[in-house]
Amino acid sequence: MEGYGDVPDANFTLRVTYGRVAGYTSKGKPVPFATKFGDLFTLAQSRGNTGDFALPRKLLTWRQSIGDAAFARRYGALPVDFVSTNDITGGNSGSSTLNRSLEIVGLIFDGNEEAMAGDWTYSEKGGRALSTDIRFALTVAREVHGAGWIVDELLHPDRALSPASARAYAPGGRP
């Protein structure tokens, strides 16, 4: 593009894409559109909770502290992440995934293997954007890391800060 310098990319320009949540087929096997919280622990356990499948000790300790029945009832079906047909490229990680009401429902963190050619071509058949489900992120922040005051502020910015939250914002403060 003579006279225009570098072509803009996702790191330096506003980029909007649309898509829908949808599973796909990879190497002949169906891949569901979402991973559930209960399935996350099952997968990690089936892989020896090692390497790429090792879960953080704090998460495991929290899971054990609430017991199997309570976890299954309250959190087992909670989506951890989901895949969508959004056309993404390098630099989109951290971008919000919005629903049709323009509410943040997730954060893009990667593309699947079939989407790796997405810088040159796009295939809705197999290419998928991976997003962390915002409900999972907020649940882990609140329940596992004890950051409920931050979650409350994010979900209710119009409310006044509680005394504990106000102390947390003070230099060196914590709730």
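Trainee: Which residues have the most contacts inside the largest nonpolar core, and how many residues does this core have?

Mentor: In this predicted model, the largest nonpolar core has 13 residues, and those with the most contacts inside it are Phe37, Phe41, Leu59, Trp62, Phe71 and Phe136. Three helices, α1 (37-46), α2 (57-66) and α4 (134-144), each supply at least two residues of this core.

Trainee: What does phenylalanine 71 touch, leaving out residues up to four places away in sequence?

Mentor: Phenylalanine 71 touches Phe37, Gly38, Phe41, Trp62, Arg63, Ile66 and Gly76. Two of these residues, Phe37 and Trp62, are also among those with the most contacts inside the core.

Trainee: How many aromatic pairs does the structure hold, and why is the pair of phenylalanine 37 and phenylalanine 136 called edge-to-face?

Mentor: The structure holds 8 aromatic pairs. Phenylalanine 37 lies in helix α1 and phenylalanine 136 in helix α4, so the pair ties together parts that are 99 residues apart in sequence. Both of these phenylalanines are buried.

Trainee: What makes tryptophan 62 and tyrosine 75 an edge-to-face pair, and which parts does this pair tie together?

Mentor: The centres of tryptophan 62 and tyrosine 75 are 5.2 Å apart, with 65 degrees between the planes, and because the limits are 6.5 Å for pairing and over 60 degrees for edge-to-face, the name applies here as well. Tryptophan 62 lies in helix α2 and tyrosine 75 in the loop between α3 (68-74) and β4 (79-84), so the pair ties together parts that are 13 residues apart in sequence. Ring pairs link Phe37, Phe41, Trp62, Phe71, Tyr75 and Phe136 into a cluster.

Trainee: How do you know whether tryptophan 62 and tyrosine 75 are buried or exposed?

Mentor: Buried means under 20% relative accessible area; tryptophan 62 has 8% relative accessibility and therefore counts as buried, and tyrosine 75, at 7%, counts as buried too.

Trainee: What makes the charged end of arginine 63 count as sitting over the ring of phenylalanine 41?

Mentor: The charged end of arginine 63 is 5.4 Å from the centre of that ring, and the distance limit is 6 Å, with a further condition on the angle to the ring normal; the charged end of arginine 63 is found to sit over the ring. Arginine 47 likewise lies over the face of phenylalanine 53, at 4.5 Å from the ring centre.

Trainee: Why are the buried residues of α2 said to line one face of the helix?

Mentor: The buried residues of α2 are Leu59, Trp62 and Arg63. Seen down the axis of α2, these residues fall within an arc of 100 degrees, so they line one face of the helix. An α-helix has 3.6 residues a turn, so residues three or four places apart point the same way. The buried residues of α2 pack against α1, α3 and α4, while the face turned away from them carries the exposed residues Arg57, Gln64 and Ser65. Just after α2, glycine 67 takes a positive phi of about 85 degrees.

Trainee: Where does lysine 27 lie, and how do you know whether lysine 27 is buried or exposed?

Mentor: Lysine 27 lies in the loop between β1 (24-26) and β2 (29-31), and has a positive phi of about 55 degrees although it is not a glycine. Exposed means over 50% relative accessible area, and lysine 27 has 70%, so lysine 27 is exposed.

Trainee: Which strands form a hairpin around leucine 102, and in what sense do they pair?

Mentor: β5 and β6 form a hairpin with 5 residues between them, and leucine 102 in the turn has a positive phi of about 65 degrees. With a relative accessible area of 66%, leucine 102 is exposed. The two strands pair in the antiparallel sense over 3 bridges, and serine 96 has leucine 107 of β6 as its bridge partner. β6 is also joined by 5 bridges to β7 (residues 129-133), again antiparallel.

Trainee: Why is alanine 129 called buried?

Mentor: Alanine 129, which is found in strand β7, has a relative accessible area of 0% and is therefore buried, the limit being under 20%. Beyond its neighbours within four places in sequence, alanine 129 is in contact with Phe82, Val83, Ser84, Asn86, Ile88, Ile108, Asp110 and Gly111.

Note on methods: Residues numbered from 1 in each chain as written. Predicted model: local features only at pLDDT ≥ 70, side-chain atom pairs only at ≥ 80, totals over all residues. Heavy atoms only, no water. Helix = DSSP H or I, 4+ residues; strand = E, 2+ residues; numbered from the N terminus. Buried < 20%, exposed > 50% of the residue type's maximum accessible area, 1.4 Å probe, protein only. Core = buried A, V, L, I, M, F, W, Y, C linked by side-chain atoms within 4.5 Å. Contact = heavy atoms within 4.5 Å. Pairing = 2+ DSSP bridges. Phe/Tyr/Trp six-rings, centres within 6.5 Å; stacked < 30°, edge-to-face > 60°. Lys NZ or Arg CZ within 6 Å of the ring centre and 35° of its normal. Arc of directions from axis to C-beta.
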